[in-house]
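This briefing goes through selected features of one chain, grouped by topic. The sequence and the model are shown first.

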Amino acid sequence: MGNTEAKTAVLDEMGRIRNSNAEDFNTNTFTALLASDVEEETIFQSLNPNDIRELRTQKPGLLCKLIQSSIYVVQKILNRRALFNEEDRTTILNSLRFLSRILPIVFENDDDLFVTKVLWYNTEPHHEIPDDDSDEMEEAMGDVQIRVGNDDNNLQMQKQPYAAVLIDCLMELLFIPGFTVASHQEKLQTMEYYTLDKALVWSPGVGVKGNLHYTSEKFESNRYTVLKCMIALSSITLYSTIESAVDDLNPMLWLLSSRYTKNLSNLFYSLLNTIVTYNPNSSKVPYMNRGNEKTHQYYDICTQAFMIMTDFRMPSYPRLQELLQHSRIHKKCNQVLNSWKRDFDEFSARYRGVSKQTDPNLNINNESHHAQEEEKKAALEEEHETNAPTPSPLIYSNAFMETL
């Protein structure tokens, strides 16, 4: 629990940051603030929606620093490949709370390309968007990287957009030993991201039998914070019209629901089993809830996350091609998925001992699955033939829905 002194210090420091300029922003000072032991309400109180809107219009560079630094701090801790200490836990939770507060307000509009520049091209609001293959793009990516593979002796890093890094971090954080699941020292070094790991699933039930799933209020509280940030990250659809929401593609959910996203199967079964084993009016076996308000909030957000993920639909294939041709964000999404696919294929070949065409996440043969997709795409391309070259979308389905 946070104490009064820590709360006052956070509020004072955030007030000083809001009144400063982007040039005066100090990442180390902000990181120290994130390590403060305070409650979620204090973080929200330190930066209200009107503050965020004011920063967006008057000090966009400073708001950019707050967003990118919050993501970078989480990514840096995860890339250490070590079990979290108490400071790590506090820093990660507060970073996600800041992002949960800021992102829905930032997504209200992107007329000034703020979201595109800050989250997808890793640049500052006053800069022009660099070409994908340019030296400026390489420089803009900076030190924001995610791990490729889980072999510490052959560890590689890939530069990614901040949006993709955040999604990658969230999917890892939901299954970190000692943070959101039971602690096993060896598991952090041998986690298999693309298969169902029954030891990491939050609750027994569908697809997972037995009573081997230790949970606690602390784990549930941490999962709640991660899921809340995930929902905030997906909230861009809230600002779409009915017509555009049907015909457009939420880039965050496109990445989250990809078969090449880490821990997708673990998340599906964790959310599903958490929901189906919950009975708010009973504490008897097999229902393991404790019946307090925080527990109800935890089950509510699990239900929300599950509904958002299962309700996601891809647009028509011609519309998807159109988005990839004209939308910078969706082009960047497709590039991210290509890089994630390489990691997925390498994992399939090296750890599963099977052909790269085998998709362990769907538990079916991808050769047949993709052949059907290719036939469908070929028919659509022939029907909607055009002289302009169109990029080929990598993913044309919601793999979260296909997991079961």
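S221 counts as partly exposed because its relative accessibility is 35%, a value between the 20% limit for buried and the 50% limit for exposed. The model is a predicted one.

**S221**
- S221 sits in helix α11, which covers residues 217-233.
- Between S221 and F179 there are 9.8 Å in space, taken from C-alpha to C-alpha, and the two are 42 residues apart in sequence.

**The chain as a whole**
- The chain has 404 residues, and 53% of them are buried.
- Its secondary structure consists of 19 helices and 4 strands.
- Among contacts in the chain with a separation of 6 or more, 75% join residues 24 or more positions apart.

**Helices α5 and α6**
- Two packed helices are described by the distance between their axes and the angle between them.
- For α5 (residues 60-78) and α6 (residues 86-106), the axes come within 9 Å and cross at roughly 145°.
- The crossing of α5 past α6 is left-handed.
- On the α5 side, the residues in this contact are L63, L66, I67, S70, I71, V73, V74 and I77.
- On the α6 side, they are D88, T91, I92, S95, L96, F98, L99, I102 and V106.
- By residue type, the contact of α5 with α6 is made up of 13 nonpolar, 3 polar and 1 charged.

**T90**
- T90 belongs to helix α6.
- T90 counts as buried because its relative accessibility is 14%, which is under the 20% cut-off.
- Leaving aside residues up to four places away in sequence, T90 touches L34, A35, S36 and D37.

**The largest pocket**
- The volume of the largest pocket is about 980 Å³.
- Its lining has 35 residues, and those nearest the centre of the pocket are I236, T237, S240, L249 and N250.
- Helices that give two or more residues to this lining are α12 (242-247), α13 (251-256), α15 (293-311), α16 (317-326) and α17 (328-351).
- The lining of the largest pocket comprises 17 nonpolar, 10 polar and 8 charged residues.

Technical notes: Residues numbered from 1 in each chain as written. Predicted model: local features only at pLDDT ≥ 70, side-chain atom pairs only at ≥ 80, totals over all residues. Heavy atoms only, no water. 1 Å grid on protein atoms, 1.4 Å probe; cavity = no way out; pocket = protein on both sides within 12 Å on 5 of 7 lines; lining within 4 Å. Points joined across faces, edges and corners; volume = space filled by probe spheres on them. Nonpolar A, V, L, I, M, F, W, Y, C, P; charged D, E, K, R; others polar. Axes fitted to C-alpha atoms, helices over the stretch in contact; angles between N-to-C directions. Left-handed = near helix turned anticlockwise from the far one by under 90°. Contact = heavy atoms within 4.5 Å. Buried < 20%, exposed > 50% of the residue type's maximum accessible area, 1.4 Å probe, protein only.
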